[in-house]
Amino acid sequence: MSLEDGVVTDFRDRMTYGGYLQLDKLLSAQVPLSNPPHHDEMLFIIQHQTSELWFKLILHELRAALAFVRRDELEPTFKILSRVKHIQAQLVSQWAVLETLTPTEYGEFRHVLGPASGFQSLQHRLIEFILGNKDRRMLAVHEQNPAGHAELLQALESPTLYDEFLRHLARRGKPIPKPVLQRDLTQPHQSDPGVRAVIREIYENPAVNWDAYEMCEKLIDVDEQLGLWRFRHVKVVQRIIGWKRGTGGTAGVDYLKTLVDVLLFPDVWDVRTELKG
């Protein structure tokens with residue numbers, strides 16, 4: 001089969017596909033440490049590198065969403081959070097690839113990780129902090145990386161996406177309790193009856209609160225997908241290493257199980273119990 005007429009074949013002094021994507025750098029970053037290299041270590045490396053690329057895009061999108069909400073522009077965030085949900089779905093489905101790794105195969109190269117663990121992912125921790133799952137203790141994991149530590153500290157001390165949404169509702173005249181608006185931003189938000197009353201009114205009158213109503217549903221989408229990702233993480237880890245401790249020193253499956261039921265936006269979940277019907 002011959003090339004079509006007009007297909008570019010001369011790339012002297014012109015942008016190429018590989019050049020634009022910097023594939024020479026990207027595809028040279030997979031360096032197995034097992035000696036001799038174990039076949040399945042490549043899978044393990046690419047699985048986690050791919051996750052970090054998706055995390056980078058999620059952070060890019062969430063930071064844009066924060067900026068829109070601060071400007072009282074909810075509608076542009078809907079597409080952003082929809083995109084985040086679909087990225088999360090990719091991350092959930094990606095676990096199916098890693099779970100093809102058997103305990104025997106992983107055991108052949110697990111030792112080369114030393115104390116390295118996904119628990120130490122700075123980008124994942126930034127996502128968690130921006131979405132509200134804050135924990136000051138996590139700063140210690142990144143002390144050896146001053147720039148990363150400073151970025152995480154800033155996220156710890158800054159309003160979350162949900163904080164910005166509640167501030168937006170307050171600017172619209174919704175009676176968000178002052179203690180909630182003035183809370184310690186370094187702590188996770190706790191479900192509040194005053195906030196639930198506002199959210200309930202939004203759900204009971206969607207026609208006059210359409211953008212806030214839609215925003216609540218987008219937040220639930222993201223929270224649900226993160227919960228699904230955590231659940232798949234638990235099951236894949238359990239399938240591969242059972243109840244062994246994680247390489248980073250965590251309790252492994254038992255630790256991961258504690259994260260599955262964490263709710264980022266508890267008011268928006270809890271209000272469902274209070275709605276009629």
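Predicted model: local features only at pLDDT ≥ 70, side-chain atom pairs only at ≥ 80, totals over all residues.
**Stop 1: a pair of helices.** Select residues 41-70, which form helix H3, and residues 161-171, which form helix H8. Two packed helices are described by the angle between their axes and the distance between the axes. Here the angle is about 15° and the axes are 9 Å apart. Angles under 35 degrees count as roughly parallel, so H3 and H8 are roughly parallel to each other.

**Stop 2: where they touch.** Which residues make the contact between H3 and H8? On H3, pick Leu62, Ala65, Leu66, Val69 and Arg70. On H8, pick Leu161, Glu164, Phe165, His168 and Arg171. Coloured by class, this contact shows 6 nonpolar, 1 polar and 3 charged residues.

**Stop 3: along H8.** Of its 11 residues, 8 are buried, so H8 is largely enclosed by the rest of the structure. Among the buried ones are Tyr162, Asp163, Leu166 and Leu169. Now step just past the end of H8 to Gly173, which takes a positive phi of about 95°.

**Stop 4: a histidine in H6.** Finally, select His124 in helix H6, residues 122-131. Is His124 buried or exposed? With a relative accessible area of 13%, His124 is buried. Beyond its neighbours within four places in sequence, His124 is in contact with Phe55, Leu226 and Trp229.

How values were computed. Residues numbered from 1 in each chain as written. Heavy atoms only, no water. Axes fitted to C-alpha atoms, helices over the stretch in contact; angles between N-to-C directions. Helix = DSSP H or I, 4+ residues; strand = E, 2+ residues; numbered from the N terminus. Parallel < 35°, antiparallel > 145°, perpendicular 65-115°, else oblique. Contact = heavy atoms within 4.5 Å. Nonpolar A, V, L, I, M, F, W, Y, C, P; charged D, E, K, R; others polar. Buried < 20%, exposed > 50% of the residue type's maximum accessible area, 1.4 Å probe, protein only.
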